[in-house]
Amino acid sequence: MRSLLPVYGIVLVVFAAACLYLFKIGLDDYVASQSLSSVAVAPAAGWEARPYTTADGELITASAFDEAAPSGATTQDILRRFAAAATGQNHSTATTFYRGNERIALSLQFALHAPQRKTMRERLGYAAPAAPPPPDPSTIIATIFGVPFIEHPREASIPGQSGVEPVNYRYFTAMIGDTLVDDAVRVSMITNSSDAAVVAVMSRLDVQDINSRLPTPDPQVMASSGVFTRDPMPLSDTPPRPTIAYRAAQLIAAGQTFDPPWQEALSKVRAGEIETWEQMHTAYPQIETMPPDIFDLIDDGAGGNAARYQAAVLRDSAREWNGHEAYVLSKIAQVGTIQSDLQEYLDGQYDVAPEVVDLIRRLPALRLFDADASAAEGAASGAAQNASNCTIQNGVRRCVVGGN
């Protein structure tokens with residue numbers, strides 16, 4: 001019997017090792033099933049995917065990553081979070097989608113449960129503070145299976161500096177789950193690419209799979225909600241133009257200077273205090289002296305602003321105008337004038353130079369409030385179009401986004 005003891009010992013060791021091995025396999029499988037690193041996002045046609053690197057974030061943001069940068073520097077904070085996600089810290093992950101010089105970086109990170117604590121006022125018997133307002137619909141680029149993806153302002157804070165710095169990259173976030181209820185997943189994206197490309201990545205993200213990995217899945221996540229975009233499809237496949245604040249910052253950085261009052265106007269555009277032609281015209285009505293570079297900052301490309309600017313320049317030029325032409329040029333230069341206000345001059349009832357008539361034709365056909373109503377109708381039509389581009393596949397509603 002004693003001679004069998006070593007055999008029993010060996011059997012027990014082998015059995016224990018086998019149990020430990022099977023336990024480890026089960027644990028690894030469980031960890032993998034809960035980790036965000038196993039969430040796959042297939043690239044759109046013409047795009048490729050790879051693990052995120054710091055160089056990708058630096059190319060997108062046009063900023064070098066500084067690990068020692070103080071907290072509160074917006075761009076550096078974003079790059080720091082992506083760098084942490086790329087290491088797999090806390091089961092996170094980061095992926096880069098690329099096409100030529102276009103980049104879309106996507107990170108998935110767990111956000112820990114942060115239950116709301118009662119304030120001192122509540123403890124004293126006062127009512128709880130009002131819930132934060134929902135996000136402005138204009139900031140939601142798309143809603144994926146019930147999860148809104150928020151587009152943040154194209155600006156960054158810098159510690160020790162007043163105001164904000166305009167940036168040329170775009171930053172999007174979404175939260176799957178609610179940290180007030182339990183752990184959630186924060187989705188972040190930075191990009192120098194177009195709306196169509198960005199929403200193509202969002203729509204390929206398996207929100208349901210991510211939601212299933214949460215300790216308390218979010219009941220708002222539903223496949224039946226489908227994919228809806230802020231703008232009508234097809235979405236633009238061209239990266240958006242830099243903001244006017246960013247372009248103003250570029251002029252200042254290049255050492256561009258202007259005579260008064262336009263240097264001051266440039267500073268106000270750079271600070272975000274002036275964003276539209278109407279705001280510029282109100283603050284600086286002497287538009288005939290506006291330098292072309294300043295006009296280019298606030299021109300929306302629609303033609304109406306250029307017509308008003310050129311009319312003011314012509315009106316104050318050395319050329320002699322008859323009474324009708326002088327009146328028409330002054331009228332065109334005014335904010336709010338539309339084509340129908342000068343219809344009799346379009347009909348040829350008065351002696352007006354062809355170039356002046358051409359400026360009338362370049363004015364908008366609708367007043368601003370009429371255009372806003374038309375835009376609202378277009379948005380409703382776009383929503384209907386988005387819905388019409390949805391199909392039912394295996395009982396799941398899916399919407400095609402811009403052919404991507």
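Biologist: What makes a stretch count as one of the 15 helices or 12 strands?

Modeller: Helices are DSSP runs of H or I with at least four residues, and strands are runs of E with at least two, numbered from the N terminus. By that rule the protein has 15 helices and 12 strands. This is a predicted model, where local features need pLDDT of at least 70, side-chain atom pairs count only at pLDDT 80 or more, and totals for chains, interfaces and linings use all residues. Residues are numbered from 1 along each chain as its sequence is written, and side-chain values use heavy atoms, without hydrogens and water.

Biologist: What makes β3 and β9 a pair?

Modeller: Two strands pair if DSSP finds at least two bridges between them. Strand β3 (residues 102-111) and strand β9 (residues 184-191) have 8 bridges, in the antiparallel sense. So they meet the definition of a pair. L108 has V187 in β9 as its bridge partner.

Biologist: What is the strand order in the open sheet?

Modeller: The order of its 8 strands is β1-β2-β3-β9-β8-β5-β4-β10, with antiparallel pairing.

Biologist: Why are β1 and β10 at the edges?

Modeller: β1 (48-51) and β10 (227-229) each have a single partner strand, so one side of each has no neighbour in the sheet.

Biologist: What share of the protein is called buried?

Modeller: Buried means under 20% relative accessible area (1.4 Å probe, protein chains only). Of the 404 residues, 37% are buried.

How values were computed: Buried means under 20% relative accessible area, exposed over 50%, partly exposed in between (1.4 Å probe, protein chains only).
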